[in-house]
Amino acid sequence: MVTGNVSDRTLEFLLKFGDKGRIILQAALDCSYENNKPELGDFSYKDVVDKLSQLGYSYDPKMILRALEKDYGILETTYKSSNQHWWKFIDKEQVETVLNENKEGDPKIELIKIKFYSLEPQKIERKLDLMSKKSIISEIDKKTFRLMVFDELSKLTEIYDEASQYEETLPIAERIKRILTLASIIARKIYGKGYSKGFLEKEGKERESNNVNSIRLSLSEDNISNES
């Protein structure tokens with residue numbers, strides 16, 4: 001399961017596969033612009049192999065092209081036979097933008113991206129999404145959620161403050177907000193109506209009861225003093 005938009009997923013891919021991934025992805029992008037068989041797709045496996053060879057690389061791109069399709073949802077198979085395999089980009093423009101922006105970036109911005117993607121946000125988002133859709137939150141779910149809150153989510157809020165300062169990392173800040181929104185949904189399911197007031201639902205009822213008793217006590221004391 002893939003999450004986020006194509007830009008997010010492209011950044012995650014580059015973080016994991018580094019220079020080799022970037023070279024193969026750029027070669028595929030170049031092939032798509034040189035393609036003379038658009039009815040089959042944007043590029044073929046053979047096109048990328050030939051392009052890499054022209055550039056002086058002897059990489060076999062098969063596994064990385066598969067990851068781009070199956071793991072990151074950046075590519076989609078359009079035609080496959082016994083001797084041909086063609087793909088198309090899900091969103092070529094977003095891929096090209098990410099490749100261009102990440103050639104020589106500000107070290108501070110790069111560090112924010114590295115911090116964010118090192119936490120594997122797609123996995124966090126997937127876990128929270130599944131939990132938020134449950135009608136009953138189990139004790140195991142609650143324990144898992146607590147660990148996430150004090151570990152990954154706490155770190156994400158720190159990254160949010162940094163990401164909000166730069167235009168280039170605003171999409172990261174927005175994605176963190178989406179993740180925290182999912183976490184809020186789960187917190188409300190666990191802690192009830194009192195979540196938004198800062199105390200548990202049961203505790204809230206106890207406080208209301210204490211307030212009523214204190215009012216009664218106050219009234220009774222006034223009556224005693226008046227009688228005396």
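This is a predicted model: local features need pLDDT of at least 70, side-chain atom pairs count only at pLDDT 80 or more; totals for chains, interfaces and linings use all residues.
Let me begin with a term: a residue is called partly exposed when its relative accessible area lies between the 20% under which it is buried and the 50% over which it is exposed.

I start with Thr-181. Its relative accessible area is 47%, so Thr-181 falls into the partly exposed class. This threonine is located in helix H8, which spans residues 170–191. Its side chain comes to 2.9 Å from the backbone oxygen of Lys-177. Thr-181 may also be placed relative to Leu-128: 53 residues separate the two along the chain, and their C-alpha atoms are 9.7 Å apart.

I turn next to charge on the surface. Which residues gather in a patch of negative charge there? They are Glu-101, Asp-106, Glu-167 and Glu-168. Is Glu-101 buried, exposed or partly exposed? Glu-101 is counted as partly exposed because its relative accessibility is 47%.

Finally, I come to a nonpolar patch on the surface, made up of Leu-15, Leu-111 and Ile-114. Together, these three residues have about 250 Å² of accessible area. Ile-114 sits in helix H5, which covers residues 107–118. With a relative accessible area of 41%, Ile-114 is likewise partly exposed.

Thank you for your attention.

Notes
Residues are numbered from 1 along each chain as its sequence is written. Side-chain values use heavy atoms; hydrogens and water are left out. Patches are made of residues with over 30% relative accessible area and no salt bridge: like charges are joined within 9 Å, nonpolar side chains (Val, Leu, Ile, Met, Phe, Trp, Tyr) within 5 Å. Accessible areas come from the Shrake-Rupley method with a 1.4 Å probe; for residues, only the protein chains shown count as cover. A salt bridge is a side-chain nitrogen of Lys or Arg within 4 Å of a carboxyl oxygen of Asp or Glu. Lys and Arg count as positive and Asp and Glu as negative; His and the chain ends are not counted. The place of a charge is taken as NZ of Lys, CZ of Arg, CG of Asp or CD of Glu. Buried means under 20% relative accessible area, exposed over 50%, partly exposed in between (1.4 Å probe, protein chains only). Helices (H or I, at least four residues) and strands (E, at least two) are DSSP runs, numbered from the N terminus. A polar contact is a pair of N or O atoms within 3.5 Å; within protein, one must be able to donate a hydrogen and the other to accept it, and residues adjacent in sequence count only if both atoms are side-chain atoms.
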